[in-house]
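Dear colleague,

I am handing over the structure below, which you have not worked with before. Please look through it first, and then read the notes that follow.

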Amino acid sequence: MNARSHQKGFLAIVAIAVVVIVAFIAVTATYQYAGDSLSSAAHLRSAQAFQIAQAGIEQAKYNIVTQGNTCSGYSSGTVSFTPPSGSGAGQYLVTGTTSSATSTLNGALTNSATTIPVVSTSGYTSPGAFQIDSEVIYYSGISGNTFTGVVRGINGTTAAAHSSGAIVQQNECFITSTAGIPTINSANGKRILTALIVGTSFGFNVGGNFVIPTMGGSGSFDMQGSSVVQNPGVTLNGPGFPASNIITSSTINWTGNNAQTQVSGGTQASNRNNELSDIQENTTLFNSGNFTSQYFNQTTTELRNNAISNGWLYSSGSSINGLSGRVIYYDGNLDLTGNQTIGTVANPVLLIVNGNFDMRGNVDIVGFVFVLGTSDVGGNTTITGSFASAGNAQLYGNTQVTLNQQVLNSVNQITGNMNTRYSSNAITLQEQFQ
């Protein structure tokens, strides 16, 4: 009897222990399930917040790239948003800031170089991206005055060789999109995305496939009188001599006995009796459809729209006399006569003539002159920088056109201040979980 009592007592203890163990397992499983559920729910909300933040990035890209909104100071305001799945409704807030810097290459660059030395990296972001000629390049770091972790030819551009001294222009738009579910301020799930869209500005030699000559054209050039086209930066038959003075997709006609091209030291190169390789006729580089894009990273229409949006449209020849350090887009035929000075070496101009160009008298222009019509340049006129004419061009009298690389570099700084065209691709730089 006592043995049975002891046995029953033992079984009762075992039963209680089993109940406790089962209960513990049940509670543990419940907590485990609850924890997994909470974790799954948090993961789901985080994923949904990512979708919403990404939607904010895409909306900002559309507004900035397609609609022309400025990046600096951009703000979407707090936007309520429901992903296409129909769940996870929340909010996003997008803001934009800009960053820009300019330097020049410290040495020539091949099309496969993975580090890029420049004169100075001051002002550049890290990581970031910039444009050299027509190529857009991404880099992940900076070491001294060298960009490292380079990815060449991004955003649909092509890796190309670039000459020492080429402009390294950075125009960046940083977009930060903060998303929260159900709201940003009371978020159960939150993501912050930072993306970069790279800006490109139009500048010289963005086609990347020809040397900027003293004069370029898609029509014929008529060299009359004692007109001179000179490139003092090259020597006769030296490395930079070919195509250094005149490039045209048509022909050059010499109707002046004293008309000539010159190189360093005033050395005569080509004339009516002796054409050298500083002249290239019938080139395939230019045609009526690509002449503008060979010089600029914009179409003819985009050039004009840029000028309108920035208030640089002119229609009176007298109003541009004495101007310097700016873009002058002349809408119509432009006649410059008498005594006029436009631009200086320190503050040149970018003069775009959307029509025919007639320049005579004692007119001096320092900058880049780009004519979309025909050109008639004579008298005692000078152009210091570079000159391009889409239509036929006639130089006569004592006209002198001189290539000046310092002036062209300064003009690039002017064009960098125009409305920046941002690429449609975005580079995700940072993702934060909160």
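I begin with one side chain: a polar atom of the side chain of Thr121 lies 2.9 Å from the backbone oxygen of Gly144. Please keep in mind throughout that this is a predicted model. Thr121 sits in the loop between β3 (116-117) and β4 (128-132), and, leaving aside neighbours within four places in sequence, Thr121 is in contact with Ile142, Gly144, Asn145, Thr146 and Phe147. Is Thr121 buried or exposed? Thr121 counts as buried because its relative accessibility is 11%, and the cut-off for buried is under 20%.

β3, β7 and β6 form an open, antiparallel sheet in the order β3-β7-β6, with β3 and β6 (141-143) as the edge strands, each of which pairs on one side only. Between β3 and β7 (residues 146-148) there are two bridges in the antiparallel sense, and Ile116 has Phe147 of β7 as its bridge partner.

Elsewhere in the chain, the largest nonpolar core has 32 residues, and those with the most contacts inside it are Met215, Met223, Phe357, Ile365 and Phe387. Strand β24 (residues 362-371) contributes the most to this core, with four residues. Phe387 touches, among others and not counting residues up to four places away in sequence, Met215, Phe357, Phe368, Val369, Leu395 and Val401. A second, separate core of 24 residues includes Ile212, Ile247, Leu408 and Val411. In soluble globular proteins, nonpolar side chains tend to be buried together.

Strand β24 also has a partner in β21, with which it pairs in the parallel sense over four bridges, and here Ile342 stands opposite Ile365 of β24. Strand β21 (residues 339-342) has Gln340 and Ile342 on its covered face, whereas Asn339 and Thr341 are on the uncovered one. In a regular strand the side chains alternate between the two faces of the sheet.

Finally, a word on confidence: the protein chain averages a pLDDT of 83, and 80% of the residues score at least 70. Over residues 33-38 the pLDDT is below 50, and this stretch has zero contacts in the model beyond near neighbours in sequence. Residues 202-210 also have a pLDDT below 50, but that stretch has 43 contacts in the model beyond near neighbours in sequence. Where pLDDT is low, the predicted coordinates should not be read in detail.

With best wishes

Conventions: Residues are numbered from 1 along each chain as its sequence is written. Side-chain values use heavy atoms; hydrogens and water are left out. A nonpolar core is a set of buried Ala, Val, Leu, Ile, Met, Phe, Trp, Tyr and Cys residues joined through side-chain atoms within 4.5 Å. Buried means under 20% relative accessible area, exposed over 50%, partly exposed in between (1.4 Å probe, protein chains only). Contact means heavy atoms within 4.5 Å. pLDDT is the predictor's confidence in each residue, from 0 to 100. A polar contact is a pair of N or O atoms within 3.5 Å; within protein, one must be able to donate a hydrogen and the other to accept it, and residues adjacent in sequence count only if both atoms are side-chain atoms. Two strands pair if DSSP finds at least two bridges between them.
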